Amino acid sequence: MTDFPRDAILVVVETLASGELEKAAAGLFGAAAAVGTPVALVLVESGAETAAAEASGLGAARVLIAESTDPSALGVPGVDALAAAAEQVQPEAILISHSLNGRDLAGRYAARSRAAVCVDAVGVSRDEEGVVAHHSVYGGAYNVTSTSTFGPPVITVRQGSIEARAAAQPPASETLAVTPSGKPAARVDSFEEAVAATSRPELRGAAKVVAGGRGLGSAEQFALVDQLADTLGAAVGASRAAVDAGFVPQSQQVGQTGVSVSSQLYIALGISGAIQHRAGMQTAKTIVAINKDADAPIFEIADFGVVGDVFKVVPQLISALEARKK
């Protein structure tokens, strides 16, 4: 059996259909390196060598490869692999992306192993007793910490919330022996692939986000958000009010019942700043708000605020940005 560092932090990452690691992987390794030695558990269906090399490049001192023997089974194979890896590595903490799959994996593993779960962390640190998770709660009104008093905490990390990056490590990978548990699992019998081409980054985990609210007035006028986003190379988001009004699909909703973002730049156009929306974007590093209502709650958390008509301010902003590119 291979010996692992005593301060090992087990980082669980999945691969995309392309074979590359999920986009949140870099932040997970950065968080792990700040509190210990990152050890990667890479869940793959194929392309193990490429995934292992990428994990080492992102900072994994050691890489465990778990290839799924039954890709159609949901949830259980991942938990089996995580249980085997945790038993072998004996980590001080387990970090997983706060994605749909990550939350499912964390919850399943915690239920099976009786581990404590710290969800939607925006940072991790270490104190004299071990690894601690940091959270932004109640719409960003409070910052709190959590950890476990027994065993390693299982921490899901909000995508885009960790700026730190770990130094690349020499490749050191091995295949993880996983014994199937045989526990019941839902299965995918068939699926149809939906291909959507876009030049914009994915909303969850994006470095820049431009979001629009009900103040845009209509789906046609919401195009102003798209124009600014394209100028900045940003993802497009929306408030719940804009989604409910039918301006954009629900997949673009930012907030408590939508996507949570921790982007470097967040520009809110015509968004009042209801607590539900603020819960999903308040941890952004720089917040810019443009709204004609000077008393809008969004200005309470904005780093920069412009009181004005978005249809007058934003075109000028786009023109200035495009002029700087020339």
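The model is predicted, so local features need pLDDT of at least 70 and side-chain atom pairs count only at pLDDT 80 or more, while totals for chains, interfaces and linings use all residues. Residues are numbered from 1 along each chain as its sequence is written, and side-chain values use heavy atoms, with hydrogens and water left out.

Helix 2 spans residues 48-57; helices (H or I, at least four residues) and strands (E, at least two) are DSSP runs numbered from the N terminus. Its buried residues are Ala48, Ala51, Ala52, Ala55 and Ser56, where buried means under 20% relative accessible area, exposed over 50% and partly exposed in between, with a 1.4 Å probe and protein chains only. Viewed along the helix axis, these residues fall within an arc of 135 degrees and so line one face of helix 2; the arc is taken from the directions from the axis to the C-beta atoms. An α-helix has 3.6 residues a turn, so residues three or four places apart point the same way. On the other side of helix 2, Glu49 and Thr50 are exposed. The buried residues pack against helix 1, strand 2, strand 3 and strand 10, contact meaning heavy atoms within 4.5 Å. Just after helix 2, glycine 59 adopts a positive phi of about 120 degrees.

Threonine 231 belongs to helix 5 (residues 223-232) and counts as buried because its relative accessibility is 9%. Leaving aside residues up to four places away in sequence, threonine 231 touches Ile318, Leu321, Glu322 and Lys325.

Phenylalanine 191 lies in the loop between strand 10 and strand 11 and counts as exposed because its relative accessibility is 68%.
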